[in-house]
Amino acid sequence: MAASVLRLIYPGRRWALAWIDGGSRQRSGTQTGPASNWARGQSSVAQLSLHTAQKPRKGEHKWAAVVGLEIHVQISSNSKLFSGAQVCFAAPPNSLVSFFDASLPGTLPVLNRRCVEAAVMTGLALNCHINKKSSFDRKHYFYADLPAGYQITQQRLPIAANGHLTYSVYMGKKRSQMATKTVRIKQIQLEQDSGKSLHDDLRSQTLIDLNRAGVGLLEVVLEPDLCCGEEAAIAVRELQMILQALGTSQANMAEGQLRVDANISVHHPGEPLGVRTEVKNLNSLRFLAKAIDYEIQRQITELESGGEILNETRSFDYKLGCTVPMRDKEGKQDYRFMPEPNLPPLVLYDATSLPADADSQQVVNIDELRDMLPELPSTTRERLVEQYGILPEHSFTLLNEVGLLEFFQSVIKETRAEPKKVTNWVLNTLLYYLKQQNLAVSESPVTPAALAELLDLLDSKAISSSAAKQVFEELWKGDGKTAAQIVSEQQLELMQDREALEQLCQATMDSHPQVVMDVRNRNPKAINKLIGLVRRASLSRADPTLIKEILEKKLSL
C-alpha cells in the first residue's frame, strides 16, 4: 500500500544580536526572521569547512563541546522481540511480518528470552547495575512505519543502568602515547524497532516495509562525557567490538545493525551548558566523527557571529559534509508514556534470589550469564601485549581492523619468526597494501600461510629484507606461486658462498679507491656507501651484516 510523502517546510529562524567586549557577550534581544533569512543563513552554513571555521580571537573565551550519544543496537536473534517472525537482512519487502508486527487487533506480545539474555550480558560487560525488576512502556507517536502508533520500550525502569565504557585515545603530536578515558552509561533498555519507509521521489510516494518492525533493539544511552568526533567514534568502535565479542549483535553499521544519534552543544568553560542539537541516524564511524566535528564548528561560528543555536533535530549530508535541519524541538513532544498493559514486569534472578523449585527454562539467572561472558577486547589487548611482547598501540590496531587479529594469530602459528617481526609485517606491510586498494583483511591476496612461509625464508637468512619485499609484491599479484618458487625463479637467494662474497668485496674496493680512502680516514658514512656498492654488485643477494664483517676485516689489514 502506497502513501503520499509529507514534506515540511522549515518555519524560519530566530536570530540574536550580540556585542563582544573583552570576551563577554550580552544579548540585546531576539527576533524572528522570515524563511528567506533562514535560507540565506543556511546556505552559508552548508558551505562551512572545518578548516575555515573561525578561531577564538585574542581576549575571547575558548569554547568547550559536550557530546552525548544514543546508540541503537540490533540484537542477534532468529526472531523478533515480541513475535516469532524471522529476522533476516534484505529479505523481500513485507515477507517477514507476523500478525502482531502488523498490529492486527487481538494479537499479544510474547517476550523473546534470547533478547533478554543479550541485554543482561551487555549490561554486565559494560559494568552496569542489572535491575532484577524492569518494566515495559508504550511510547506513542505517529509515523507510517509504526503500525500500532506506539513503540514498546523501557522508559521508566530499564533492564540495566549506571555503567561505564572505557576506551583509549592517542595523545601527543606523534600520536605515540595512549590515554585511557571513560564515558558513563546512563542506561540500557530493550525496545522494538520500527518498520522502514521507502521514499520514491519519482512517483512522489512512500512505501512501507514492515520486515524490520518489531526487531529487538538495545538502546545504549551514554552520558554527555565526550568532547569531539574522534572520541565519539573511538568509544562507539570499542562498544561495537564488545557487542561482537559477546554475540549480542553483529553491529554491522552498513546494514543498520548499529545506529547512532549524537546530542551536541558548546559553551564557555565555567558557564552553563549551551543549547543542544541532535544529529540523527549516523550509520558509519567516519560519518559520526565528521558530523559531530562539523556541528561543533557550526555552533561556534553561529554564536560568534551573533546568532542563536536552535534546539532542533538535524541529519548529516555526507555528500556536502555538513548537517542540515530536519525538524525543530522547541516544543517538547509528548510521547504519552504509559505502562505496557500486555506485558508483566520482567523479573530476573541471581544465585541468592533464585527459588529452589525454579525452572531454568522459565527464568533468567544473572550469575549464570556472568559466568558465560567471553574474553572482552580490553582483556584480549592485555593478553596480546603480555603473550607476544608487542606494543599496546599495536594491540589496538590488531583488534580495530576486522579480521586482522585472526590473520596475525594464524601467521604466528605457522612461522618460526619472532612475534615482533610478524607484527611489523602485518601492521606495516600487509595493512598498507590493504588500505592502498581499499580491501578488507578477508580479501587479502596474501594468505597467512604465504606470509608465514616468506617470514621463515627471511628468518633463516635465505633472503634479504629487500628481497622479502619483492617476494611480497609478487605474492600480492595472486598468481598462485609460493614464496619459495618466487625466490627460486627470480634468483633472490642470499649468497651463501663466503669466498665468492670476499672476491666481490675486494673487486668493489679496487674499483672505488676514493671510498676506501674515506673509510680509512674514519668517515662514518663511507662504510655504509661501500656496503651499498657491494650489495648493488650482488643484485641485493648479499647479507649486509656479512658484507660489513668482510669489509671491516679487509680494511683492517
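This is a predicted model: local features need pLDDT of at least 70, side-chain atom pairs count only at pLDDT 80 or more; totals for chains, interfaces and linings use all residues.
Me: Why is helix α3 called roughly antiparallel to helix α4?
Reply: The axes of α3 (residues 229-246) and α4 (residues 285-304) cross at roughly 150° and come within 7 Å. Angles over 145 degrees count as roughly antiparallel, and therefore α3 is described as roughly antiparallel to α4.

Me: Which residues make the contact of α3 with α4?
Reply: On α3 they are G229, E230, A232, A233, V236, R237 and Q240, and on α4 they are L285, L288, A289, I292 and D293. The crossing of the two helices is right-handed.

Me: What makes the residues of that contact nonpolar, polar or charged?
Reply: The contact divides into seven nonpolar, two polar and three charged residues. Asp, Glu and Arg count as charged, so E230, R237 and D293 belong to that class.

Me: What makes β7 and strand β18 a pair?
Reply: Two bridges join β7 to β18 (residues 338-339), and the strands run antiparallel. At least two bridges are required, so β7 and β18 also qualify. Here D137 stands opposite P339.

Me: What percentage of the protein chain counts as buried?
Reply: Of its 557 residues, 45% count as buried, which means that their relative accessible area is under 20%.

Technical notes. Residues are numbered from 1 along each chain as its sequence is written. Side-chain values use heavy atoms; hydrogens and water are left out. Helices (H or I, at least four residues) and strands (E, at least two) are DSSP runs, numbered from the N terminus. Axes are lines fitted to C-alpha atoms, for helices over the stretch in contact, and angles run from 0 to 180 degrees between N-to-C directions. Angles under 35 degrees count as roughly parallel, over 145 as roughly antiparallel, 65 to 115 as roughly perpendicular and the rest as oblique. A crossing is left-handed if the near helix is turned anticlockwise from the far one by less than a right angle, and right-handed if clockwise. Contact means heavy atoms within 4.5 Å. Buried means under 20% relative accessible area, exposed over 50%, partly exposed in between (1.4 Å probe, protein chains only).
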